[in-house]
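Open the model in your viewer and keep the selection tool ready. We will go stop by stop.

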Amino acid sequence: MSAKSPLPPLVEPAGELSREEVARYSRHLIIPDVGTSGQRRLANARVLVIGAGGLGSPALLYLAAAGVGTIGIVDFDVVDESNLQRQVIHGTADVGRSKAESARESIRGLNPHVTVRLHQFRLEASNAIELFGEYDLILDGTDNFATRYLVNDAAALAHRPYVWGSIYRFQGQVSVFWEDAPGDRGITLRDLYPEAPAPGTVPSCAEGGVLGVLCASVGSIMATEAIKLITGIGDSLLGRLMIYDALAMTYRTVRLSRDPGRGPVTELIDYDAFCGVLPAVEEDADADATITPRELRELLDAGADIAIVDVREPVEWDIVHLPGATLIPKDRILSGEALAELPQDKRIVLHCKTGIRSAEALAAVRRAGFADAVHLRGGVIAWADQVDPSLPVY
């Protein structure tokens, strides 16, 4: 099978379409490459979408509109107001509700012919393989590498293909991974990322931001790849990485090849450890490195001589900042450029949005000799929650 030949259809056709289904899907049925056979394959397909968030929202809506017969949703989170800028499957009235339940309601309102199954739990090594075995195809809309590697390895062990997507600020990436794809074309996430990126080097959307409409572009491409795999049409992104730049308005694809040093996946592992993610108990154990919002408030009220250093970006400072803080972005600290600006005669308290970037900056500051420096646990978000609820959060 050549690299350019279509993959065989992933799903067998269901029975005949009803009169209502013919009317609903008529614009598909008159496309020669889809037709009634392709639509019946979609009706018989079982697709699992991991995450009803930025990528999951458009993917779920378009898979449902396309007539995918069974859609599973893995999500245990609730809708937050900050989600609404991009997670279009949810509305203002859904804030505080289960994302999975909100998504199911939207799908039912869009297409009553679709069966929606909810899996409101954290995807883990103990449940992933069995769950994946219940579906034909997986869509991974997660935003952290520990879960991405788990999805990759569980899909390999369950012998399932999956569509992978990633977004950050103005750029998105999409590919199809399938360990035992026909024609010896097996490619997985471990061929693209043989080693996990170092902790802190790949910010989440919550830390770095994302253009809301980017999610629609990338999520719809993921849904397109799913439809192509189900029906066996077109040239899949298997073996290719598509990169979309919204600012330049460019799409380009990079050919992927199998890492010759990679062996087959034989078992699931501790993915937090593999990605260098510290368990919460370890973070809490390093108490001398952190200060809580209430502890910082008490120091300020007592007139303590401390220096509060905000390591976020200027655009975040413009949204909200703590009283008496000085802005010194993290990158200037890590490069060493701003170390001379840190006071030698005061205890330094670093902070960011949630504590991730300030922890990274703290390591550099302590290496530079500021042994008693600490960072604010939970960052500005925790300060607003525990000390000053009048502050805006983002």
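## First stop: a strand pair

Select residues 171–177, strand β6, and residues 240–245, strand β7: the two pair in the antiparallel sense over four bridges. Strands here are DSSP runs of E, at least two residues long, and helices are runs of H or I, at least four residues long, both numbered from the N terminus. Two strands pair if DSSP finds at least two bridges between them. Now click G172; opposite this residue stands Y244 in β7. Strands of a sheet pair through backbone hydrogen bonds, either parallel or antiparallel.

A word on the source: this is a predicted model, where local features need pLDDT of at least 70, side-chain atom pairs count only at pLDDT 80 or more, and totals for chains, interfaces and linings use all residues. Residues are numbered from 1 along each chain as its sequence is written, and side-chain values use heavy atoms, with hydrogens and water left out.

## The eight-stranded sheet

Eight strands form an open sheet with mixed pairing, in the order β3-β2-β1-β4-β5-β6-β7-β8. Which strands are at the edges? They are β3 (115–119) and β8 (250–255), and each pairs on one side only. From one strand to the next, the twist averages 15°.

Contact means heavy atoms within 4.5 Å. Angles run from 0 to 180 degrees between N-to-C directions, with axes fitted to C-alpha atoms, for helices over the stretch in contact.

## The five-stranded sheet

Next, show the open sheet of five strands, β9-β13-β12-β10-β11, with parallel pairing. Its edge strands are β9 (290–291) and β11 (326–327). Zoom in on β12 (residues 347–351) and β13 (residues 374–376): two bridges join these parallel strands. L350 has H375 in β13 as its bridge partner. Then select residues 293–301, helix α13, which lies across β9, β10 (306–310), β12 and β13. Helix α13 runs at about 135° to β10.

## Zoom out

Show everything. The protein has 17 helices and 13 strands. Along its principal axes, the C-alpha trace spans about 75 × 50 × 40 Å. How does the radius of gyration fit? For 394 residues, a compact globule would have a value near 21 Å; the protein has 24 Å, which agrees. The radius is taken over C-alpha atoms, and the globule rule is 2.2 Å times the number of residues to the power 0.38.
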